[in-house]
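Work through the exercises below with the sequence and the model in view. Each task is followed by a solution that goes step by step.

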Amino acid sequence: MPAQPARRILGYDKPTQMVTLEGHHGGKVQLPLSALPKVEVIAVAKFLGTKFVGKNPLAMDLGKIHDAIVNGKTEVVYDDKPSPTPSPTPKPQPTPKEENPMPKPTPKPSSPMGLEEMVRHIASDVVTTALDGYEGNVSADDVKDIVNPIMSGFRHEVTELVKSVKPIVNEIHIKDRPAKVLKGVQHFVFPKVLGAVSQGVNLWLVGPAGTGKSTIGEQVAEALSLPFSAVNCTSTMTEVALKGYNDANGNYVATEFRRIFEGGGVFVFDEVDNANPNVLGALNSALANGFMAFADRRVQKHADFVAIATGNTFGSGATMEYVGRNPIDGATIDRFAQLVVPIDEKVEDAMLASVGLPESDATKWVTAVRTARKNVETSGLKVIVSPRATLNGARLIRSGAFTMTEAFDATVIKGCKPDQADKIRSGVTL
């Protein structure tokens, strides 16, 4: 873990003793004065104009520095007498067994770390970084004075971090339906899809691979408390996959589509532009007229049935990126309203966070993927750099069997021509 410099002080609120600092990774952080490491408590004092007289501030009693800040004193004088006020955040620390009290960094394990192990590993790095440059010049008591408040602040920041990575919970309110709580991250087009489906409008979601189109359909069904099912469309799909059939004994064998069509729910035709257009033609009456002839009988569409189609094209046929896509009959396309679903980086971030890479690696990796994606766009390359590359590459890196460069080649470059690869790698740092 690279050394973390002391954070810049941005403000101090005397009544609440809350300090505003620059976060280690950008943005602003608010922490109580008592949770800051000694070096940052000193920085707060200097920020407020307090002067230190007689010795390096790091050798001075932390309680005196706190007292100067809280009571607005203009200077702190070193006099070898500890403040009667105990350190605001004393934490018991084991006495170092070695003559040299410096904590040693925990070696990085080669296998993936669990959350608890990862936090312990980062904590070790935080302490080692904070004591950088003091080896041999501080006593065990000095180490405790420095480490205790650092770890107190670290615990506070980890708590806030854990809160920030918990699933986002959204309460969905739809007219004439009970409120529904959804966990997880929703794509920014989710409200539009939800609004359309709640009104019974069939939707065709168009977008690049890996943008979460099918997941949106499942989330909409959950928000509406409706059953959900899907079929992956292929060029070899037949009407039997939708209508079912009568077996040798004359018994009807139903399909998931029949169950949702008759009983209500959201049904997704995944990769609809990869389907046999003739099979999709059988849907026309089901989607527009409200009934469909199945193998056993004609069935009326349930009032809560809605179809969602997902595809990489608008149904007009193959493109350079999606060469296997079929042109879809205009009568079928006309049964749907079409909505573009681009990449949502918020969703991509959530996918990446689910892997559990160390923050520095995760930041470097997602920056590399997005730089490559931008290069593809600006160079007009017919190459797909989807959020799946972000997710799969992170998993390869976490496995320990792939370097970041190898993961990049396996998930982003993957078979590009040399001239394309050079353009994609432009400005990428791994």
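A residue counts as buried when its relative accessible area is under 20%. The model used here is a predicted one.

**Exercise 1.** State what share of the protein chain counts as buried, and how many helices and strands the protein chain has.

*Solution.* Begin with burial: of the 430 residues in the protein chain, 41% fall under the cut-off and count as buried. Then turn to the secondary structure, where the protein chain has 16 helices and 16 strands.

**Exercise 2.** Find which residues touch the most other members of the largest nonpolar core, and describe the surroundings of Phe-269.

*Solution.* The largest nonpolar core has 27 residues, and those touching the most other members are Trp-204, Phe-257, Phe-261, Phe-267, Phe-269, Leu-283 and Phe-305. Elements that give two or more residues to this core include the strands β8, β12 and β15 and the helices α8, α9 and α10. Leaving aside residues up to four places away in sequence, Phe-269 touches, among others, Val-231, Leu-242, Phe-257, Leu-283 and Ile-308. Apart from this core lies another one of 26 residues, including Trp-365 and Phe-408.

**Exercise 3.** Describe how helix α15 packs against helix α16.

*Solution.* Take the geometry to start with: α15 (residues 404-413) and α16 (residues 418-425) pack at an angle of about 115°, with their axes 12 Å apart. Because angles of 65 to 115 degrees count as roughly perpendicular, α15 is roughly perpendicular to α16. Their crossing is right-handed. Next come the residues, where Phe-408, Asp-409, Val-412 and Ile-413 of α15 meet Ala-421, Ile-424 and Arg-425 of α16. The residues of this contact comprise five nonpolar, two charged and no polar ones.

How values were computed:
Residues numbered from 1 in each chain as written. Predicted model: local features only at pLDDT ≥ 70, side-chain atom pairs only at ≥ 80, totals over all residues. Heavy atoms only, no water. Axes fitted to C-alpha atoms, helices over the stretch in contact; angles between N-to-C directions. Helix = DSSP H or I, 4+ residues; strand = E, 2+ residues; numbered from the N terminus. Parallel < 35°, antiparallel > 145°, perpendicular 65-115°, else oblique. Left-handed = near helix turned anticlockwise from the far one by under 90°. Contact = heavy atoms within 4.5 Å. Nonpolar A, V, L, I, M, F, W, Y, C, P; charged D, E, K, R; others polar. Core = buried A, V, L, I, M, F, W, Y, C linked by side-chain atoms within 4.5 Å. Buried < 20%, exposed > 50% of the residue type's maximum accessible area, 1.4 Å probe, protein only.
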